[in-house]
Amino acid sequence: MTSIRRDILIGLVCLALAAALPLAMPGRYVITQSTLFFIWAIVVVQWNLVLGIGGIFSLAQMALFATGAYATAMLGFYWKVPMLAAIPMAGVVSVAVGMLIGLACLRLRGPYVALLTLAIAQVMYVLIVNDTDCFTTTGGCMPLFGGVRGIGQFGDIGLRALFPSKWYIAHYYVGLALLAVAVTISIIVIRGPLGLAFRALRDNPGYAMSRGISRFKYQLWIFAVSAFFTGIAGGFYAVHFRVVGPTVFSFSTLLFLIAMIVIGGLGSIWGPLLGAAVLMLADEGMRELSDYRNIGLGLLLAVFVIAWPNGLNGWLQRSRAGRG
Amino acid sequence: MDVLIQIIASGLTLGAMYAVATIGLSLVYGSLNMLNMAHGAILTLGGYICYAAIVHAGLNPALALLAAAFVCALVGLLIYFSAALPLLRAENFETNIFIATIGIGSVIENLMLKGFGPYPIPQPLAVEGQVVIGNVHIPLQNVFILGVAIVLMVAVAILLQRTSTGRAIRATSMNREAAQLMGVRVGRVYAQVLALSGALAAVSGVMISSIATLTPVMGADPMLKAFIVCVVAGLGNVYGAVIAAIALGLLEAATQYVLGVRWSFATLLLLVILVLIWRPYGLFGKQQVVRL
């Protein structure tokens with residue numbers, strides 16, 4: 001079986017199982033947590049493109065997610081743009097911001113990129129939180145970016161009105177559809193020309209460059225592609241939770257997501273999804289011990305990087321290779 | 001004039017604190033190519049150990065400072081043996097150690113949150129009184145911090161330039177393979193550097209918490225600033241880092257006065273981004289020529 005066929009098969013099986021979940025477990029808690037899983041999975045799958053395929057050590061993905069969420073909320077709040085138009089527009093805004101960050105990082109090497117992107121995310125957080133001047137006073141004082149409290153009341157995609165009692169199931173399917181598209185794009189990127197270019201640049205940079213493969217061009221492309229879906233995931237997050245606040249920049253979310261990628265397997269197609277699923281379940285398991293959640297998460301992250309740097313995906317592949 | 005003295009006084013204090021926090025990071029990056037993301041947590045741990053040693057164990061403040069440095073040096077060693085040593089044997093060391101130390105930092109930070117609670121605690125190691133220059137009152141605490149920082153920096157410089165340990169550290173950061181071939185025990189150098197970095201972080205944590213307060217997350221901000229200093233100076237360049245730290249401290253004090261506290265951090269970061277675009281390897285860093 002070729003790898004593309006295998007990917008399509010795995011994808012379809014996962015999609016079918018996920019589509020059947022609300023029928024099997026219609027409880028509201030399970031459904032909303034799964035929707036959150038879809039959102040994080042989109043971010044993680046797109047982040048994996050930059051981190052694992054492009055080899056660019058960017059920590060700006062949560063900043064791009066936040067850009068999408070804030071752009072959606074602000075378009076709705078200030079200009080009353082309907083959410084169905086605002087979310088794709090937010091994706092475009094994220095692409096613009098992602099390209100800017102990508103341009104700033106182009107000449108930098110590994111750890112410098114990580115530090116610069118972390119610093120950019122931190123600047124955005126600090127500027128939003130420290131802004132206390134009132135931008136509008138309709139409905140109380142409100143800074144341009146919502147300040148510490150964030151932005152609310154910016155509209156809805158209409159599913160709450162359409163299915164008053166079952167809207168969360170409708171959101172579940174929207175999340176699933178977005179994830180399916182995001183995963184498809186990631187497969188196309190990894191198996192297609194972009195992935196090929198990055199593999200060539202990694203395996204023999206001199207030969208690849210002399211054949212006219214420009215690292216800068218492909219790095220910008222991969223930044224733009226991954227920023228678009230991350231921004232859309234941010235927009236959906238905004239609509240789903242009806243409020244966007246500076247908590248999306250929190251370091252524990254960043255830790256949670258990077259742990260998903262590492263534990264699942266950096267640079268693989270299904271690893272990040274697997275990691276996201278495992279960590280969401282582990283997080284549920286640790287809910288009772290909420291104080292120890294971040295300790296457990298940190299330990300898991302360190303232990304996995306040290307003992308199994310290829311993650312669960314690498315471990316699965318090794319055990320399959322061992323059998324066959 | 002008074003404003004200028006005020007800015008210079010607080011800028012030098014800030015710069016001195018950043019410098020001590022940065023030296024450790026820079027040494028570790030220089031010799032191991034390792035960005036230690038747990039540095040902020042170690043720094044905070046130093047502050048808490050000093051607090052606990054004075055308040056709970058009743059130690060003399062000088063001894064408490066030493067105890068904090070000692071415990072954090074042990075933590076540095078622990079990071080070397082548990083994370084850096086196994087990862088050095090595998091591929092992608094730079095990426096993996098970065099991620100692993102994010103995890104370790106989170107563990108240390110949350111253990112402190114469990115142990116000491118989330119509420120700010122004042123640091124008992126404080127010096128009373130003030131000096132008056134012109135019309136400006138400068139707390140003796142600031143002078144004390146500046147003094148400790150200068151003593152530490154001189155000590156590190158002597159260690160690096162005049163001792164055989166220092167020569168081994170410098171040789172390793174110049175060229176790991178060559179140093180190894182010349183009989184430098186690279187593993188021991190790594191362990192020493194991480195322990196030294198932990199001890200320096202502890203001292204800077206005590207100093208920072210004596211001006212602000214102790215909270216489990218207080219290390220994040222100085223760590224980010226230390227990273228900025230490292231990046232501006234060029235990663236691994238220790239002496240450049242000291243100059244950049246003091247320059248950034250002065251700049252921060254000046255922007256705080258001119259633009260307000262709110263914008264100072266953003267301005268700093270904007271400047272750093274511009275510096276990096278102009279000189280991607282830092283102000284004092286050497287451009288690495290990559291041959292294919």
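I began with F116(B), which is partly exposed, having 17 other C-beta atoms within 10 Å. The scale I applied calls a residue buried if 20 or more other C-beta atoms lie within 10 Å of its own, exposed if 12 or fewer, and partly exposed in between, with C-beta atoms placed from the backbone.

I noted that this is a predicted model, in which local features need pLDDT of at least 70 and side-chain atom pairs count only at pLDDT 80 or more, while totals for chains, interfaces and linings use all residues. Residues are numbered from 1 along each chain as its sequence is written, and chains are lettered from A and ligands numbered from 1 in the order in which they are written.

I located F116(B) in helix α4 of chain B, residues 93-116. Helices (H or I, at least four residues) and strands (E, at least two) are DSSP runs, numbered from the N terminus. I then looked up I102(B), 14 residues from F116(B) in sequence and 21 Å away in space, C-alpha to C-alpha.

Which residues does F116(B) touch, not counting residues up to four places away in sequence? I found Y48(B), I121(B) and P216(B); a contact requires C-beta atoms, placed from the backbone, within 7 Å.

I turned to chain B as a whole and recorded 11 helices and 2 strands. Their order along the sequence is α-α-α-α-β-β-α-α-α-α-α-α-α. The C-alpha trace spans about 60 × 45 × 35 Å along its principal axes. Of the 292 residues, 50% count as buried. Among contacts with a separation of 6 or more, 75% join residues 24 or more positions apart.

How values were computed
Contact = placed C-beta atoms within 7 Å.
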